[in-house]
Amino acid sequence: MRKRGATTEGTKRYAERVSGIAPADHFRMQQGLAMSSIGLGTYLGHWDDATDKMYQEAIRRAIELGCNVIDSAINYRFQRSERAIGATLKQVFEAGDAARDEIVLATKGGFFPFDGEPPRDARGWIIENVIDKGIARSEEIVGGSHCMSPGYLEDQLSRSLNNLGVDSIDVYYIHNPETQLESVTRDEFNTRIRAAFGFLEQAASDGRISSYGTATWNGYRQPSSSRGYLSLEETVGLAREVGGDEHRFRVIQLPYNLAMPEAITEATQVVEGEPVSTLMAADRLGITVMCSASILQAKLTQNLPPFVAEALTGLGTDAQRAIQFVRSTPGVTTALVGMSNRSHVEENLGTARVSPASVDDFFKMFSNN
């Protein structure tokens, strides 16, 4: 039997149960949920059965070792990542190894996902499966790959719920909404994202999602003069226009790591007239921050400069130090790490057994660099 999403009671129960493996400071209370400071991402990998099985084993092991945040997107591996998560969670829940209310499940919609594998004719697939079926109009599609109209998001959310085998998704992101700004004006973009938020507010009222947000790559990191820039204050304001003061826009995701530290080092945002970093803006606006690309697709797993190890002590590998940097950053809730391999799960989750770096130790890296 399917059950609704993560709860305060359930996530606290999970944190308590794994306390012998992952100490209390591995979990952060955000939006009423105890979220693990390391989350499992499902972006990379081939679209084949072997990779599906690897992900299933990795997800099971991650849940055993104290990871209760699982992140995906419908287009990851042509819907296979969501389906691998769904198959694994079904097994885990049936075995009694975890419960639905303990797991924080996030996914995204916006890019065309195709189905199981890349089609020979992508344009033909979009016409047949999206436009001809009335899911989206051609003028709502940008770059032949992205759409965030209410009708399209309705279709994608329904598919994600089915892929994941759940009745409710805890965090539903619009995937890289700044993609739309490649082709439409800022005014049109605001109209489109306001409509998308209206749909997501209704989905939250219906219980199909608990909260929503934006998962971005460049939007919140780049200067305000950039075409694809996103203002977090303005975005929250649009959500408030649609959903009132109790709107469900509560989470953002952006890349952040040792090589891409802009979320803390650059004052790309403005809140009440003051230039601030994205992390500071999110804190002031009550928004939870999830960080993607924590090890930059394995590029930060070796040959880190010595000052990183000097500041982030008690860890055995550069991969762990890269993760520790992200999870120790003030304002970060979860460091998302792509993990499709059991041994990588065990290494990466080993970081959770060490307390996050103190604020003083964390900022030593900036003074030494």
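Modeller: Asn348 is found in helix H12 (residues 342-349); helices here are DSSP runs of H or I with at least four residues, strands are runs of E with at least two, and both are numbered from the N terminus. This is a predicted model, in which local features need pLDDT of at least 70 and side-chain atom pairs count only at pLDDT 80 or more, while totals for chains, interfaces and linings use all residues. Residues are numbered from 1 along each chain as its sequence is written, and side-chain values use heavy atoms, with hydrogens and water left out.

Asn348 has a relative accessibility of 4% and therefore counts as buried. Buried means under 20% relative accessible area, exposed means over 50%, and partly exposed lies in between, with a 1.4 Å probe and protein chains only. Apart from neighbours within four places in sequence, Asn348 is in contact with Ile38, Ala319, Ile323, Val337 and Met339, where contact means heavy atoms within 4.5 Å.

Ser160 lies in helix H5 and, at 0% relative accessibility, counts as buried. Its contacts, leaving aside neighbours within four places in sequence, are Ile74, Glu82, Thr107 and Ile169. Ser277 sits in the loop between strand S10 (274-276) and helix H9 (278-285). The relative accessible area of Ser277 is 10%, so Ser277 is buried. Not counting residues up to four places away in sequence, Ser277 touches Ala263, Ile264, Glu266, Ala267 and Gln269.

Next, the aromatic rings. Rings of Phe, Tyr and Trp (its six-membered ring) pair if their centres lie within 6.5 Å; planes under 30 degrees apart count as stacked, over 60 as edge-to-face and the rest as tilted. By this rule there are twelve aromatic pairs. One of them joins Phe112 and Tyr152, edge-to-face, at 5.4 Å centre to centre and 80 degrees between the planes. This pair links distant parts of the chain, 40 residues apart: Phe112 is in the loop between strand S5 (104-109) and helix H4 (122-131), and Tyr152 is in helix H5 (residues 150-164). Both Phe112 and Tyr152 are buried. The ring centres of Phe362 and Phe363 are 5.0 Å apart with planes at 85 degrees, so this pair is edge-to-face. Phe362, at 0% relative accessibility, counts as buried, whereas Phe363, at 37%, counts as partly exposed. Trp47, Phe78, Phe114 and Trp125 form one aromatic cluster.

Finally, the whole chain. It has 13 helices and twelve strands, and 56% of its 369 residues count as buried. Among contacts between residues at least 6 apart in sequence, 77% join residues at least 24 apart. A compact globule of 369 residues would have a radius of gyration near 21 Å, and the chain agrees with this at 20 Å; the radius is taken over C-alpha atoms, and the globule rule is 2.2 Å times the number of residues to the power 0.38. Along the principal axes, the C-alpha atoms fill a box of roughly 55 × 50 × 40 Å.
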